[in-house]
Amino acid sequence: MKLSIDLGGTNIRIAQVEKGNCLNKVSVPCLAQQDASTVLNQLSQLIRNMMNEQVDGIGVPSIVDPEKGIVYNVANISSWKEIHLKEILENEFKVAVAINNDSNCFTLGESLYGEGKSYTNMVGVTIGTRIGAGVVIGRRLYGGQYMGAGEIGSFPYLDSDFEHYCSSFLFKRYGTTGAVVAEKAQQGEQAALEIWKEFGRHLGNLIKAILFAYAPQAIVLGGGIVSAFPFFKNAMEQTMQSFPYKIISDNVSVVASHQKDSSLLGAAALLE
């Protein structure tokens, strides 16, 4: 049994993981607006409360030095500029610790246990407040330098980047949230349906960029916004039709994740 942690700026999730199953899951609001030591103390206390085996997987939303286990400029935890997290936790709990970013953990979890397990090469895309991605090549996670591969949200797009059009930033432009627009679309409100079509077109262009960069067999979408997949799927697929290399675009599977614990499962698998 392993202990797995998904550390985000909104929540910290922790679970015991055994044979691809998450047990005794706990989720608490992250004290992200407080100083670095306060967040570290919160994390240590959560681990202590769950500790009965081995901590060997932690997903962190940041650029990571995977060898030294240093996390840099953690998204949504402004006080974490450079935290030697592996060293800190290994010294405190006397067990092995592996660290990677949250999108990579999501992708690894999907590759092993979710929609990506039938594919040798795949990309996982997390869609929420921001855009993240992980890349699996030959069934192995590819991170590049400092696990920085897959930062597709930062690709230039229109007057900004893909992140501003393919995440919750888009809905802020309309003064609302994805959840509100999804509810209105469910009720058949035409304006809401049009917003989802716009979102789908932008996401389709992002997927074309992924095809140019990686040409994967599958792209697995995860994150809160994916629950509205039926509202933007058609517009996304129509936009993909303009991809110039049909042999690639016609043979990629773009699917929504149905695995709620992919990040936790992926984090637990980091030392396997």
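**Briefing on the predicted model**

L3 stands opposite Q16 in strand 2. The model is a predicted one, in which local features need pLDDT of at least 70 and side-chain atom pairs count only at pLDDT 80 or more, while totals for chains, interfaces and linings use all residues. Residues are numbered from 1 along each chain as its sequence is written, and side-chain values use heavy atoms, with hydrogens and water left out.

**Overall form**

- The secondary structure of the protein amounts to nine helices and 15 strands. Helices (H or I, at least four residues) and strands (E, at least two) are DSSP runs, numbered from the N terminus.
- The C-alpha trace of the protein spans about 55 × 40 × 30 Å along its principal axes.
- A compact globule of 272 residues would have a radius of gyration near 19 Å, and the protein agrees with this, having 19 Å. The radius is taken over C-alpha atoms, and the globule rule is 2.2 Å times the number of residues to the power 0.38.
- Of the 272 residues, 53% count as buried. Buried means under 20% relative accessible area, exposed means over 50%, and partly exposed lies in between (1.4 Å probe, protein chains only).
- The protein exposes about 12500 Å², and carbon and sulfur atoms supply 49% of this area. Accessible areas come from the Shrake-Rupley method with a 1.4 Å probe; for residues, only the protein chains shown count as cover.
- Among contacts in the protein with a separation of 6 or more, 65% are accounted for by residues 24 or more positions apart. A contact means heavy atoms within 4.5 Å.

- Strand 1 (residues 2-7) pairs with strand 2 (residues 11-18) in the antiparallel sense over six bridges. Two strands pair if DSSP finds at least two bridges between them.
- Three residues lie between strand 1 and strand 2, which form a hairpin.
- Strand 2 also pairs with strand 3 (residues 21-29), in the antiparallel sense and over seven bridges. Within this pairing, I14 stands opposite V26 in strand 3.
- Strand 2 and strand 3 form a hairpin with two residues between them, and K19 in the turn has a positive phi of about 50°.

- Three strands form an open sheet in the order 5-6-7, with antiparallel pairing.
- Its edge strands are strand 5 (63-65) and strand 7 (82-84), each of which pairs on one side only.
- The twist averages 20° from one strand to the next. Axes are lines fitted to C-alpha atoms, for helices over the stretch in contact, and angles run from 0 to 180 degrees between N-to-C directions.
- Three bridges join strand 5 to strand 6 (residues 70-72) in the antiparallel sense, and I63 stands opposite Y72 in strand 6.

- Another open sheet has five strands in the order 11-10-9-14-15, and its pairing is mixed.
- Strand 11 (140-142) and strand 15 are the edge strands, each pairing on one side only.
- Neighbouring strands of this sheet are turned by 25° against each other on average, direction ignored.
- Strand 9 (residues 122-127) and strand 10 (residues 131-137) run antiparallel and are joined by six bridges; T126 stands opposite G132 in strand 10.
- Helix 3 (residues 102-113) lies across strand 9, strand 10, strand 11 and strand 14, running at about 45° to strand 10.
- Helix 7 (residues 229-240) packs on the sheet and touches strand 14 and strand 15; its direction makes about 165° with that of strand 15.
- Strand 14 (residues 218-222) pairs with strand 15 in the parallel sense over four bridges, and V255 in strand 15 is the bridge partner of V220.
- In a regular strand the side chains alternate between the two faces of the sheet. Strand 15 (residues 253-256) has a covered face, V254 and A256, and an uncovered one, S253 and V255.

**Cysteines**

- The structure holds zero disulfides. A disulfide is a pair of cysteine sulfur atoms within 2.5 Å.
- C30 has its closest cysteine sulfur in C105, at 16 Å from its own, which is too far for a bond.
- C105 is in no disulfide either, as the nearest cysteine sulfur, that of C22, is 12 Å away.
- C30 counts as buried because its relative accessibility is 11%, and C105 is buried with a relative accessible area of 0%.
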